[in-house]
Every structure is written in structure tokens, then in C-alpha cells.
Amino acid sequence: MTDLQSTHTEPEGLPADVAERVRALADQLHDALRNEMVREHPAPEVRALWQAAKMVNAAAGGLDNHVEPETTVHTSRWVEVAFNASDIADTALRIAGSGMSLADARAHVERADINTLDVPFNAATAFAARVELIPAHDGEDYAQPVTVAVTGDPERTLTVAGELSPRPYAAAGQLLRVVHHLDRLGAALGDVVIAPIDKPAT
């Protein structure tokens, strides 16, 4: 094995004894949260921790579905981790936006874009979404709708419509979620563009 090959070798997976202990900790967390999760409307903070336990369990090899072919277990395991992580991000952003006005959420998004410009290779993800606040519904029982447009493409917009009160999630939280996932998409597309540039010639 050459030095070049050795620097690109993936580290060994989680040792079996460590994975077993990690899964046991995830089970303990599930047990601690079980009574709160069986409520009709679990608190989002409880749900986030429950999702975190599921993610840790999956990362340690504890997939719920045990009928996967051996050839696809590795992929299924880490896809499950990714889905759990996405669920945690959604829940966390709903919590973050629960006490936030739409104006505050918009300002937060704009500040995040400005900060992103200062980080090398991340600038391409800045301003991936343009936030437009459209007039509120006439009735006070409705949340102010939010329209998110992809920058440079006015034909593609997503409107988060107002819902009857009481609303389980604030519109600001929905806005943070939409912009977060657009930012992640921008980062993934940026990797596709930048990777060939960074890849050493063969």
C-alpha cells in the first residue's frame, strides 16, 4: 500500500463491544422518554430526544428492519441515520421558531447568509432562498403565509400557508425548516461542482 492510498483509507468501523454499549445507552434514553412519547401530543423537545436516540441506535448498527440483505445493510444503516438527523433538524427548527416572529425569522436567515459568505467554499450556498412575506389573511385565526422563492428562478416558489389556530408549529419555524433544507441542497450541489476541481489527476 502506497502512502497516497493509506491517507485515503477509511477508518475501521465501530468495534462490536462499543456498538453494543452505545445501543444500550440509546435504549435507556428511549425508556426515559417512553411515558412522555405515549401522550397524545408529545412535546417537541421530547420528540427531538426520541429521534436522537433512534439516530444513535441506527449509527451503532441497531436497524429496526432486520430483513435487509447483507449487501445493503451498510447503506440502509447510514441512510437511516441521515433520515433521523433530518427529522431532528426539522424538530429543532420548529422549536427554535416557536417563539419567533416571521420578521425575526427572516432577519435570522439573512444574517446566516451573510455569515456564510465569510466561509470558503460555503459562499455558493448563501442566499439559496429568497424570503417573501405576503399579506396576512383577513381573519385573525390564520397565520401569516410565507413564500420562499429559489433565487434566480421566480417560477419556483413554495408558500407556507396559514393554518387554523391553535397551530402546532409556528410559521417562523416552518420558514427556518424550508431555508435550512434549501441550504443543505445548495451545499450538496456545491460539493458536486467543487469535488472535480479538488480531485487529484489520475
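In which helix is the place of T116? The answer is helix α5, and since this is a predicted model, everything that follows describes a prediction. T116 is buried, because its relative accessible area of 16% falls under the 20% cut-off. Its C-alpha atom is separated by 5.9 Å from that of A126, although T116 and A126 are 10 residues apart along the chain.

In soluble globular proteins, nonpolar side chains tend to be buried together. Here the largest nonpolar core has 13 residues. Those with the most contacts inside this core are L102, A105, V146, V148, L175 and L176. Three elements each supply at least two of the core residues: α5 (102–116), β2 (146–150) and α6 (171–198). Of these, α6 gives the most, with 7 residues.

Now let us walk back towards the earlier helices. Two packed helices are described by the angle between their axes and the distance between the axes. Take α2 (residues 16–37) and α3 (residues 44–59) to begin with: their axes come within 9 Å and cross at roughly 155°. That angle makes α2 roughly antiparallel to α3, as angles over 145 degrees are counted that way. The crossing of α2 and α3 is left-handed. On the α2 side, the contact is made by V22, R23, A26, L29, H30, L33, R34, E36 and M37, while α3 brings V46, R47, L49, W50, A53, K54, V56 and N57. Sorted by class, the residues of this contact are 10 nonpolar, 2 polar and 5 charged.

The next pairing also involves α3. The axes of α3 and α4 (residues 73–97) come within 9 Å and cross at roughly 165°, so these two helices are roughly antiparallel to each other. The crossing of α3 and α4 is left-handed. For this contact, α3 uses P44, E45, R47, A48, Q51, A52, K54, M55, A58 and A59. Facing them from α4 are R77, W78, E80, V81, N84, A85, D87, I88, T91 and I95. The contact of α3 with α4 divides into 11 nonpolar, 3 polar and 6 charged residues.

If you follow α3 with both lists at hand, you will find R47 and K54 in its contact with α2 and again in its contact with α4.

Key
Residues numbered from 1 in each chain as written. Predicted model: local features only at pLDDT ≥ 70, side-chain atom pairs only at ≥ 80, totals over all residues. Heavy atoms only, no water. Core = buried A, V, L, I, M, F, W, Y, C linked by side-chain atoms within 4.5 Å. Buried < 20%, exposed > 50% of the residue type's maximum accessible area, 1.4 Å probe, protein only. Helix = DSSP H or I, 4+ residues; strand = E, 2+ residues; numbered from the N terminus. Axes fitted to C-alpha atoms, helices over the stretch in contact; angles between N-to-C directions. Parallel < 35°, antiparallel > 145°, perpendicular 65-115°, else oblique. Left-handed = near helix turned anticlockwise from the far one by under 90°. Contact = heavy atoms within 4.5 Å. Nonpolar A, V, L, I, M, F, W, Y, C, P; charged D, E, K, R; others polar.
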